[in-house]
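Subject: Structure for your review

Hello,

Here is the structure we spoke about. Please open it alongside this note. My findings follow below.

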Amino acid sequence: MSCSNCQEGFVLPGEPTGTISQDFQGAYHAATPNSEKSKYAIILFTDGFGLPLKNCKIIADNLAKSLECDVWVPDYFDGRPLVAVDNLSTPDRAGKKMTNLDWIKLVLSSVPSLPAYIHSRPSAVDKRVTQFISLLKDKKHFEKFGAVGYCFGGSTAVRFAGTDLLHTAVICHPGPFSISEARAIRIPTAWVCAEEDVFWAHSKRLEVEAILAAKKDKEEFVEYEFKDYKGTAHGFAARPNLNLPEIKEAYEQAFEQTVEWFKKTLLA
């Protein structure tokens, strides 16, 4: 559900411009800049830091501006994120390896978070997300929903890509998920892939792509794309080190991939 790299990264510059809506379970809302009511909504599934780390809010703001639709970031950890913001340290990138001491420190630092992990096990998170989407449908009457998920949120997006609640999804360096969940995908998906990912090995990434490709020319086929970003590691699309030119470029390209995917599969 989490990993060492989920506790590493940088805080994005700028300040969020959206609002926290208590009418929608404390979700962050980045409203469309368009004066007309948005027909579409994007739901952003955060990494283990949840709403306290402002990165997810800034990304939501930027998506709302680029796509001119509402973007929502649910508090699917129910106020108890898996990782505290003060645990944010230096970012990871391809080629950087965890030492044995690093792993020991990780295990020890994770012990206080065990209750939060239990509280936000996948089944509990999925129930909260389902309730949140139902609330948006009842009160906002959106015609279509897309989702983008990062790390923990990436695996959440995979699970919901196998339901009828979403119309399209972008999955960024996901946490662990089962092959059966990949086989169940029934909507278009775009995949933002790190070169090195401790949670999603390249062999598994190839296996998932093969599963989706095998549906070609079959009734259950859905559109997909995979893009690999050289020099990156788990977390780069959500917590990039913008001081590293190659990581900054990968972060920006991953954002553009997300925007273009939603233009093609949600807004078209």
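**Asp47 and its surroundings**

Not counting residues up to four places away in sequence, Asp47 touches Phe77, Tyr150, Cys151, Phe152, Ala238 and Arg239. Contact here means heavy atoms within 4.5 Å. Asp47 sits in the loop between strand 3 and helix 1 (55-67). Its relative accessibility is 5%, so Asp47 counts as buried. The accessibility classes are buried (under 20% relative accessible area), exposed (over 50%) and partly exposed (in between), with a 1.4 Å probe and protein chains only.

**Basis and confidence**

This is a predicted model: local features need pLDDT of at least 70, side-chain atom pairs count only at pLDDT 80 or more, and totals for chains, interfaces and linings use all residues. Residues are numbered from 1 along each chain as its sequence is written, and side-chain values use heavy atoms, with hydrogens and water left out.

The mean pLDDT (the predictor's confidence in each residue, from 0 to 100) is 90 for the protein, and 88% of its residues reach 70 or more. Residues 1-8 have pLDDT below 50; beyond near neighbours in sequence, this stretch makes 41 contacts in the model. Where pLDDT is low, the predicted coordinates should not be read in detail.

**Overall make-up**

The protein has eight helices and eight strands. These are DSSP runs numbered from the N terminus: helices are H or I with at least four residues, strands are E with at least two. Of the 268 residues, 54% are buried. Take the contacts between residues at least 6 apart in sequence: 76% of them join residues at least 24 apart.

**Nonpolar cores**

A nonpolar core is a set of buried Ala, Val, Leu, Ile, Met, Phe, Trp, Tyr and Cys residues joined through side-chain atoms within 4.5 Å. The largest one has 44 residues. Trp72, Leu136, Phe145, Trp191 and Val208 have the most contacts inside it. Elements giving two or more residues to this core include strand 5 (144-150), strand 6 (168-172), strand 7 (189-196) and helix 7. Helix 4 gives the most, with six residues. A second, separate core has 36 residues, among them Tyr40, Leu51, Tyr229 and Ala250.

Which residues does Trp191 contact, leaving aside neighbours within four places in sequence? They are Val158, Ile171, Phe177, Ile185, Trp200, Val208, Leu212, Glu225, Phe226, Lys227 and Gln257.

**Aromatic rings**

The structure holds 15 aromatic pairs. One of them joins Phe221 and Tyr224, edge-to-face, 6.2 Å centre to centre with 70 degrees between the planes. The rule takes rings of Phe, Tyr and Trp (its six-membered ring) with centres within 6.5 Å; planes under 30 degrees apart are stacked, over 60 edge-to-face, the rest tilted. Phe221 is partly exposed at 35% relative accessible area. Tyr224 is also partly exposed, at 23%. Ring pairs link Phe177, Trp191, Trp200, Phe221, Tyr224 and Phe226 into a cluster.

Elsewhere, the charged end of Lys139 sits over the ring of Phe24, 5.8 Å from its centre. For that label, NZ of Lys or CZ of Arg must be within 6 Å of the ring centre and within 35 degrees of the ring normal.

**Salt bridges**

A salt bridge is a side-chain nitrogen of Lys or Arg within 4 Å of a carboxyl oxygen of Asp or Glu. The count is eight.

- Asp126 and Arg159: the closest N and O atoms are 2.8 Å apart. Asp126 lies in helix 4 (residues 122-140) and Arg159 in helix 5 (residues 152-160), so the pair ties together parts 33 residues apart in sequence. Both residues are buried.
- Arg205 and Glu209: 2.4 Å, N to O. They are four residues apart in helix 7 (residues 202-213), about one helical turn. Arg205 is buried at 5% relative accessible area, while Glu209 is partly exposed at 24%.
- Lys263 and Glu260: the closest N and O atoms are 3.5 Å apart. They are three residues apart in helix 8 (residues 245-267), about one helical turn. Lys263 is partly exposed at 38%, and so is Glu260 at 43%.

Salt bridges that share partners also join Arg205, Glu209 and Asp228 into one network.

Best regards
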